[in-house]
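Please consult the sequence and the structure shown here alongside the text.

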Amino acid sequence: MKRLQLQALLLLLTGCSTPSDRVHIPLEGSQGRTIARFYSGMIQGNESEEWILEDSAGLGIRLSALRALSPRLASTLDEIRDGEDRLERDQWNRFLKVLVEQSAHYPATLAELFPSGLPHTTKDSYFRLRVYGAMTTLQREIYVPKQALEDGLLNYWDRGGMLQYPAGTLIAAYHKNSSGATLEVTVKKRRSDGFWDFGVYDSSGRNVRHSSSPPTPFSAPVQCVGCHLGNMLYEPEESFIIGREGKTEGEYLVLGDRLRNPKIVELLDEHARRSDHVLGVYGTAYLTEILDLPPSRRTETQKKIASLFLALSRMPQTN
Ligand code: HEC
């Protein structure tokens, strides 16, 4: 406090105008902008002014907006920056740590997160995909709510070829060891601003701060966003090429043969477009499954999806 008073006095004496309302942060480029927007949406209030701003100098924090939104976070920032108007990488990381602690949390247990039953016990409501991916060498079993996926596919054409999930959608990925035991579950929950919150639950279903599957533990959400909001493209398309079994597991998203429909892969181009910050190719895989079903076995919603895609994409009927 003393320091602030002193600064105010110095400013008065030197005749300077108001101190800068802007603190520079060490993020840049399109990826930096996306990550900044992700963090910006982690604390929300009624204030209309965004606390992250972008101007000709790059990305920064608007102090007045942060103070209005969270006085506690603003005073943490003041402590960390120590009068400077620019955060170095380690200072930004310290700030993020406090931001994460102060923002909305996932419930303490998986059971509370899924009050109507864990995904693996309510299989009919979920589209399930088993993959080997970039996150871990363990097998991942991913559960995407069918209703959310169907909503995304039904609205795909109206949204100009964007596959988007409704706010509140929860995707869960179980990490399984070779004997089939679940070692942990990672989750993503769709926020209303288009980003997803990241969470991790340990083998006893308790919410924890970071994953611990081999080879690398990742802390949520700071390390999750590195891949999830990054520009690096994983290679699900490789998964559709028969005969790539020689490649090391864990480096690629490995999908089963039944999902290799090149026409649908090309049409949705899901992994490259990432219209909703989702990395897996669930729309591609589910649409393939729907079109592979004999029409009489499709649900009403699946029939609608099939006819929309067959009519609008000039795709041949596969069944
Ligand atoms: C090394 C890059 C990487 C990191 C780090 C990473 N992920 Fe992922 N994640 C992926 C890829 C690639 C996919 C899609 C394929 C898969 O599931 O393996 C994915 C998929 C997911 C999914 C399924 C939904 C989707 O977007 O496809 C969830 C849930 C998930 N990750 C949670 C997390 C959480 C929580 C963290 C941090 C603790 C994290 N991830 C860190 C690469 C990463």
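The shell around the ligand contains 17 nonpolar, 8 polar and 2 charged residues; Ala, Val, Leu, Ile, Met, Phe, Trp, Tyr, Cys and Pro count as nonpolar, Asp, Glu, Lys and Arg as charged, and the others, Gly among them, as polar. The model is predicted: local features need pLDDT of at least 70, side-chain atom pairs count only at pLDDT 80 or more, and totals for chains, interfaces and linings use all residues. Residues are numbered from 1 along each chain as its sequence is written.

**Ligand shell**
- Gly133, Cys224, Cys227, Leu279 and Gly280 come nearest of the 27 residues around the ligand (C-beta atom, placed from the backbone, within 6 Å).
- Two or more residues each come from strands S5 (139-145), S6 (170-176), S7 (182-190) and S8 (196-202) and from helix H8 (224-228); helices (H or I, at least four residues) and strands (E, at least two) are DSSP runs, numbered from the N terminus.
- H8 gives the largest share, 4 residues.

**Burial of helix H11**
- Helix H11 is largely enclosed by the rest of the structure, because 9 of its 11 residues are buried (20 or more other C-beta atoms within 10 Å of the residue's own, all placed from the backbone).
- Among the buried residues of H11 are Tyr282, Tyr286 and Ile290.
- The buried residues of H11 pack against S4 (126-131), S5, H7 (146-154), H9 (262-268), H10 (270-273) and H12 (contact: C-beta atoms, placed from the backbone, within 7 Å).

**Contact of H11 with H12**
- Leu287, Ile290 and Leu291 of H11 meet Gln302, Ile305, Ala306 and Phe309 of H12.
- This contact comprises 6 nonpolar, 1 polar and no charged residues.

Note on methods:
Two residues are in contact if their C-beta atoms, placed from the backbone, lie within 7 Å. A residue is buried if 20 or more other C-beta atoms lie within 10 Å of its own, exposed if 12 or fewer, and partly exposed in between; C-beta atoms are placed from the backbone.
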